[in-house]
Structure formats: structure tokens, C-alpha cells
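Please look over the model shown here with attention to its side-chain contacts. The briefing is arranged by topic.

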Amino acid sequence: MRRKSVLKALSLATSVLFLTAWSGAQSTQNAATSSANTGSASAAPTEQQEMRDELKALRAEVERLRAEVEQQKGTTPPDDRANDRSQRAPAPPAPVKTGPGPNLPAVTAANFASPSAPTGAAPITAGLTGWLPKPSSLSSSPSQSSEAAPAKKEKIVPFSDWDWTWLNGNPRTKDAAFDSKFFTPEIRADITYTYDFNKPVDNSIAGSSEIFRSNEIQLEQLGLGGDFHYDNVRARFMTQFGMYSETTPRNDPSPAKGQWDLATAYRYLAEAYGGYHINALNGINVDAGIFLSYIGLFSYYNFDNWAYQPSYVSSNTPWFFNGLRIQIFPNPHLKIEPWIINGWQSYGSANSRKGLGGQIKWTPRPWVNVISNNYGLGHDDLYIPNRGRIHTDDSIEIKYYDRPEKTLDKMAFSFTGDMGCEFGPSTTTSAGVYLQGVSCHGNTKDRNSLGATSSDESFAPGINPKQSFIGYMLYNRFWFKKDRYALTVGGGQINNPGRYLVLAPPINGETAPSAAISAPYFTGNPSDPFKAWDTSVTFDYMPSQYITFRWEYDYRHASVPYWSGAGGITPPGSGGVPYTNNGYPQFFACNDGNSSMQETLGAAQTACAAQSSTVWFPDLRRDEQFFDIDIMVKF
């Protein structure tokens, strides 16, 4: 419609110029021959007046078309963008790029099919200066303006029409430091200092996927990467140099199955996927590789979050998946995203069955965000092939106060609730290994169940015990001085009998693969209890959209000894070297630095006594307090 109006305006303007020039030429000719043609002198003014009237009418029509063009420009959808890589959207179709945060699509130089004019683009009348009359020369009548046909509603990039930088789990950057039609780079740096009031002698902190060392300055993550986008083809990668390259892979048991060292292969990649954008509905993306999960609402990248140490329903649930995802955008405020993945935060599959899941994201208003993540089908316990897992994670975020002109300019809260369980019958493998069954409901009858086989378990024969997870977290954030400062208060609680989602403490170098064999000091047997709660206070100073200075205090409590105490969680190493792992985390260690090579305490006591030593035990506490100072950068 706009293009037709411009063409019509150009045609009329050309006619105006032609008539003006012709009129001037005729006037000159008439003046030169007036003495010789006295008989026609009386007719010339009449013809000139008619041409002037026609010229005036043409100018009025041009002015009306100008007003119509300006009106259509005013109805162009705003080009505000949802998050950090928010840039101009060109006219040619291009892929939707899902940036960090709860999968809010970020818009860059070539991102999504958007017929709207780019921000800062030349006006529709550019190049017509001198051809069209000035707006003040003539004005169109109300009747002429009302005749303009309403502009057709154009598609917008999903989640791009409102500002989502206030969301927990979404970056607050609004402008990309650099962008191009082909590639949008991204750089992240996360440096932290943590002081644990338990003062562990080995500086080792347990039970967290964000905090790892006490009384040291550590590089949490150095991320280098970005987004490729061209001709509807898309790809993204982000590195994880620093502590994340060690601490994230150790929570995945799947590399222990079979050959090829998956943990090493993927260790330095936080994200790595490629895919294709389909121009249907409001966009469809098909991606395969490693992508962030956002189960538990918080982002894997601390810069994006309201707090540095999230509560358990976030810290103990997956940060990433390896597999296939399909992002479907039926409208600009709804995303449906199914997953076909190797398993629960795993590079490979712990057993033969893959996992299925998905996310639904809905933003009906600019002040509310609703996310539901669901997972099922996967068999994710290493060496237990018949045990299934289901999980639901649901969040709502509401911005209930927004007064940019006030000192306290914004307030919002997020609430997340999680429920899940594991289930499967009691069986004995062909090799004669007994596998205890578990249930979502508790005290489920199973004639093959042998009942409790250790002092840590408490259920009768013929019964499969309850193995479940339930938890929640609530955070409230206050912004001050045009979002330069922020204060967040929050916390949460979980109950996880069976401990299948409790992070295994790194006692003597314990990892998820070794714990699947045996965890002598912190067991994860069916019916093992674990309840915990935490609270935190976070203050942020944000002088620029690209950097955050953070100070945070956390208090955490568990129903059983779990957190690192003053004595630490590292045994004497072989030969008596203090605080050095002996290489056998699945066995009890002796105080002389050697391993007992025994999985049970009685046998370990005998073995250590034979070495003229005793069994070593880590110093675990029920309570933990720490304070951290963090510098986080994102371009």
C-alpha cells in the first residue's frame, strides 16, 4: 500500500512540474507575441487561470498523499527488542535467534521476517525533496485524511514489542556492542570471590553449581561466541573456560557409559547448535546440538540472573540439554518448544531410552511472563536401566510496579514450583545384581523388593519406597535510580527423598559417574532423606548495561550433614600429602592417605587397621553461610 502511494505521489509531482514548466513557457510566448496577437490577448488570462487552478488541485492531491504516507509510517510496528542483541530487523526473511534468558528471541541484523522499516531508516519520502511541496504549504482536508485505507497489521518478531530486560534469567542489555548481517558476537566474563564462614581448610565448597572455592578469586566463566544468521540458516556457540569447564561436566554420569570421553569432548562448550528457520506462523526454528534448558528459571549465565546462588529448584536441575529442539511461535507472545534429548543434563544417554520434554512460554501482558518446562520418558540413572523420571517446572514472573521517574523505579517477583519423581520395579540383572525399585507415591507393593539392604534405608520387603522431588523458590527484586541499583531478596525449599537430584559433594574427588558406583560418605540410596532450605540477599550496582558489580549473602540449611566444614572434604593423599584426592572416591579412605578399597564401613575399618590407620571422614555440616563479591561482564 505504501509503495503504491509513493508511486502515485511521484506521478503527480511529475505532472505538477510538467504543467508548471509548460505554463511558464506558454506565458513567455504569449508575452512575446501579445502586440502581434491583440485579438487573442483577452483569451490568454482565462487559459492561464485554468492551468493555475489545475496546478493547485494537483498540489492539494500531492499533499493529501504525503499525509497518507506519514500516517502509514506512524502505524509501523515499533522496533523495540526483547533483549541484549536488540538491533534493527531488515526486510528480508531471516532466522529467529534465541538468545539467553528464558528463550526470549533476540533480534539482530538478520533475524526474522519483518516487513517493517528498520529503525533509523530513511523516511519513505526520501529522495523527493524539491519535488513535493512543503507540508506547511497546503493542508489536506479531514475528509481526505479519512479516506486513507487502514494499514494491514504486520507480523513482528516474537516477544519483541515489549521490554523484557527486567526478567529473572534474561540479560538486561538492550544494545549489541557489535552486529552484522551474518554474525552477532557475544563475550561474557564472570569473576567471583567467595568467603565461606565454615572456613574449609581445603577451600572446597560442596552442594552448589555456582560457588566452588572459598577465600579465593576465581574465574567462573569466560564465554566467547555468538550467533550466526544468514539465509534462514542459524547457529550459535558459547565457550565456558574457567570453573564451569570442570564443575558442569562432573555432574553428568553419562560419559562413564561406553567409549570416547564425552566430558572432555564437550567440556569447553556451554552452547553449540545449528539449525534452520522456517517462515511459517510467526516463525519456526529447528535446532540440534547443546542448548540451554532454563528448567528452574535462572539462566546458566549469572549475569542474566537476579541472584548469584539460586535456590535448589534451579541449582539442582538441568542447565543444558544435548539433542533436538523445535521452537514454534504461533503468535508474537507464545512459544511451544518440544525437545528430543539424550537425557537429563547429559552429553550422552545413561541408558538406552532418550528423554522427551518441552517448554511453553506465554507473555500475555508486558508485565507478566509464564513458563512451563516438562520432562519425561528418559532413564537417567546410570547402571539402572529400568528406572524412569518425570519432572515439571513452572514459573511466573510479574512486574507489579513500574515508575521510571521515581527513585524506586521498578519492582517485580518470580515464583517457581517443581515436582517430579522416579519410578521402576525391583529387578535382578542377568549378572545377579539386585536393583531396588522406587515409586512416585511411596510404599508401592512389589513382591520382588527385598526391602532395606543397608542401615541408611528404611522400608520393608515387598515395598518400593518413594523417590520424589518437590520444591519452590520465590524472589523479589527492587530497582533504583533508573535501574542503576537493584536489591533482591529470596530463597526456597526442597524435599528430595532418594537424593536423586541432590548434587553429590566432591568428597575425595567424587563425581556423578563415581557416585553411580558407590558414594561411601554421602549416599543416594532409595529412601535416603534430604530436606533443605535457603535464603539470600543480593545488591547490584550496574553503571552500564554491559557490567554488573554484585554483593551477595547466602544462608543454607540441610536436614543431614552436607556442606563443607572446617575440616574440609579432601582426604590426605597417598603418601600422607595433605588435602589431596587418592583417586578412589568410590571407596572409604584411610587417614594414612591410602584407599581402603572397600565400599562398606566395616570392611574399610578392617582394611585401614591392617595399615595401622583408621578410616578418614570428611567434615560435613548442616548449615552454611557465605558472602560473595562478583564482577560480571557481557557484550
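What follows covers charged pairs, aromatic rings, loop residues and a surface patch.

This is a predicted model, in which local features need pLDDT of at least 70 and side-chain atom pairs count only at pLDDT 80 or more, while totals for chains, interfaces and linings use all residues. Residues are numbered from 1 along each chain as its sequence is written, and side-chain values use heavy atoms, with hydrogens and water left out.

**Salt bridges**

- The count comes to 19 salt bridges, a salt bridge being a side-chain nitrogen of Lys or Arg within 4 Å of a carboxyl oxygen of Asp or Glu.
- Glu186 and Arg236 meet through their side chains in one of these, at 3.0 Å from N to O; because Glu186 lies in strand E3 (residues 183-196) and Arg236 in strand E5 (residues 233-239), the pair ties together parts that are 50 residues apart in sequence. Helices (H or I, at least four residues) and strands (E, at least two) are DSSP runs, numbered from the N terminus.
- Glu186 is buried at a relative accessible area of 1%, and Arg236 is buried at 2%, where buried means under 20% relative accessible area, exposed over 50% and partly exposed in between (1.4 Å probe, protein chains only).
- Asp287 forms a salt bridge with Arg234, with the closest N and O atoms 2.9 Å apart, and this pair links distant parts of the chain, since Asp287 is in strand E7 (residues 284-292) and Arg234 in strand E5, 53 residues apart.
- Asp287 counts as buried at 0% relative accessibility, and Arg234 counts as buried at 4%.
- Salt bridges that share partners join Glu186, Arg188, Asp227, Arg236, Glu271 and Asp304 into one network.

**Aromatic rings**

- The aromatic pairs number 38; rings of Phe, Tyr and Trp (its six-membered ring) pair if their centres lie within 6.5 Å, and planes under 30 degrees apart count as stacked, over 60 as edge-to-face and the rest as tilted.
- Phe321 and Tyr375 form a stacked pair, 6.5 Å centre to centre with 10° between the planes, which links strand E8 (residues 320-331) to strand E11 (residues 368-376) across 54 residues; Phe321 and Tyr375 are both buried.
- Tyr562 and Trp563 form an edge-to-face pair at 4.7 Å centre to centre, with 70° between the planes, and both residues are buried.
- Ring pairs also link Phe182, Phe183, Phe228, Tyr230 and Phe237 into a cluster.

**Loop residues**

- Arg499, in the loop between strand E19 (485-495) and helix H7 (512-517), has a positive phi of about 60° although it is not a glycine, and is buried at a relative accessible area of 13%.
- The charged end of Arg499 sits over the ring of Phe522, 4.5 Å from its centre, the criterion being NZ of Lys or CZ of Arg within 6 Å of the ring centre and within 35 degrees of the ring normal.
- Gln345, in the loop between strand E9 (334-341) and strand E10 (355-365), likewise is not a glycine but has a positive phi, of about 45°, and is buried at 9%.

**Surface patch**

- Ile187, Leu224, Phe241, Tyr268 and Phe635 form a nonpolar patch on the surface, with about 450 Å² of accessible area together.
- Patches are made of residues with over 30% relative accessible area and no salt bridge, like charges being joined within 9 Å and nonpolar side chains (Val, Leu, Ile, Met, Phe, Trp, Tyr) within 5 Å; accessible areas come from the Shrake-Rupley method with a 1.4 Å probe, and for residues only the protein chains shown count as cover.
- Phe635, in the segment after strand E24 (623-634), is partly exposed at 41% relative accessible area.
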